[in-house]
Amino acid sequence: MRKDTLILLLVLTVFALMGADCRAPWEDDDVKDRPLPDRAFASSPLLRAYYDTRTIPEEMRDLKIPEGTDFDDDELTIQFQMGGSATVDEVRTHLYIMPPLGKEMNEVELICRCVAPDGTASAWKGVNLMLTAEAENLQAEVGFLFEFDGMISDGNWRIQLKDYLDDKDGRCVMRNASLHINRGEAAGLGGAPNENQTVSAAAGNYGLVPEATGKRFKMDIGWFGEKRMLRNDFTFTTSFFVQTAVLELSVYEPTDASGSTESWYVLVAPSGNWHIGLLTNDDIIETVSDISTGLDLLTFQFTIASTPTGPLSNLNGEPSSGTWTVYMVDTLKDNLYSTLTTDRADSAGGAPVPNTGVLSLALSGVS
Ligand SMILES: [Ca+2]
Ligand SMILES: [Ca+2]
Ligand SMILES: [Ca+2]
Ligand SMILES: [Ca+2]
């Protein structure tokens, strides 16, 4: 063998060994770091989500919330860099929390507090992960409406989470969070404070809503990831701060499961901030039953809004302009599907009306 051929072989062998495995033999595949989403850019100086929901990967790394006092850190701390130099009147966080594996939302004893940039901490407060006895809240709000009054908004705000009762529930997981100061409504922008956009049949992704199931909880986007959901984008051009979002969509569903497939939507603002809801009978505005062989056409309308001084929509204060995304997923694998369509259910006429049931999103707010 010639000398230069031998050197080439040696070099190739070294590359092959390096390429084969960069990890040490004792590093187990099961514990290697799973991916994390991208951090969200600030929506405004007074509002930001923690992660950009559009980048949540399949098998996202679990950010576990400690239970009891057996951990190095007694709580999970997340930080939000805020600005705006505003005089604080209220602070709120919204939390997308998954229960421990095999546990329900209402079994855990989660508490939360907020720490201001100067170190002032609120009391620990309960996190209520249920909207009603049956409905889980995937943007659970914890409000700090008086603790930080009069402070200046600038600086690093911290949200801390823990399960205070060591009754061996296991550890909850944080998928996303957001922070609102003064409802996220920054200084005025001017212009019309409303805009309505639709997704045409040609521009949209209409069809079957995919079935995908979470690991910790059915709507665990951190398990199946955003790529396994049906995605549609709206483009908004007017600039204002959103207060109310009205989403309309139409689906065909088997009569057997009409209005009760486990189909969910995730509405994502341009910043990556989110709102999640389930398609329920309460949201149906038009129905045409038994169109053919056991198939119903349903038109849904979801109003995502805040109360005057009570609970705040997680999307309140989001700047309107940019790309808004609606994702859909069916979290029960049972061959009962929703099919997103451009046909609209016309209850009065008793028949589908083509091309009038396209996805629509109406945003309104202040400018
Ligand atoms: Ca418990
Ligand atoms: Ca206040
Ligand atoms: Ca517990
Ligand atoms: Ca299903």
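Which strand does strand E14 (residues 263–268) pair with, and over how many bridges? The partner is strand E18 (residues 322–330), and the two pair in the antiparallel sense over 6 bridges, where strands are DSSP runs of at least two residues, numbered from the N terminus, and two strands count as paired if DSSP finds at least two bridges between them. Within this pair, Ser263 stands opposite Asp330 in E18.

Before I go on, please keep in mind that this is a predicted model, in which local features need pLDDT of at least 70 and side-chain atom pairs count only at pLDDT 80 or more, while totals for chains, interfaces and linings use all residues. Residues are numbered from 1 along each chain as its sequence is written, and chains are lettered from A and ligands numbered from 1 in the order in which they are written.

E14 and E18 belong to an open sheet of 4 strands, in the order E12-E18-E14-E15, with antiparallel pairing. Strand E12 (230–236) and strand E15 (274–278) stand at the edges with a single partner strand each, so one side of each is left without a neighbour in the sheet. Neighbouring strands here are turned by 20 degrees against each other on average, direction ignored, with axes taken as lines fitted to C-alpha atoms.

Let me turn to the largest nonpolar core, which has 91 residues; such a core is a set of buried Ala, Val, Leu, Ile, Met, Phe, Trp, Tyr and Cys residues joined through C-beta atoms within 7 Å, and buried requires 20 or more other C-beta atoms within 10 Å of a residue's own, placed from the backbone. Among the residues touching the most other members are Ile97, Met174, Trp264 and Met328. Strand E13 (residues 241–254) gives the largest share, 7 residues. Domain 1 (34–184) and domain 2 (194–366) both contribute, so the core lies between them, the bounds coming from an automatic or database domain assignment. Leaving aside neighbours within four places in sequence, Ile97 is in contact (C-beta atoms within 7 Å) with Leu110, Leu129, Ala140, Cys172 and Met174.

Finally, strands E16 (residues 284–292) and E17 (residues 295–304) run antiparallel, joined by 5 bridges, and form a hairpin with 2 residues between them, where Thr293 in the turn has a positive phi of about 25 degrees. Glu286 stands opposite Thr299 in E17, and Arg344 touches both Glu286 and Thr299, residues up to four places away in sequence not being counted. Arg344 itself lies in strand E20 (residues 344–346), and counts as buried because it has 21 C-beta neighbours inside 10 Å.

Key
A residue is buried if 20 or more other C-beta atoms lie within 10 Å of its own, exposed if 12 or fewer, and partly exposed in between; C-beta atoms are placed from the backbone. Two residues are in contact if their C-beta atoms, placed from the backbone, lie within 7 Å. Axes are lines fitted to C-alpha atoms, for helices over the stretch in contact, and angles run from 0 to 180 degrees between N-to-C directions.
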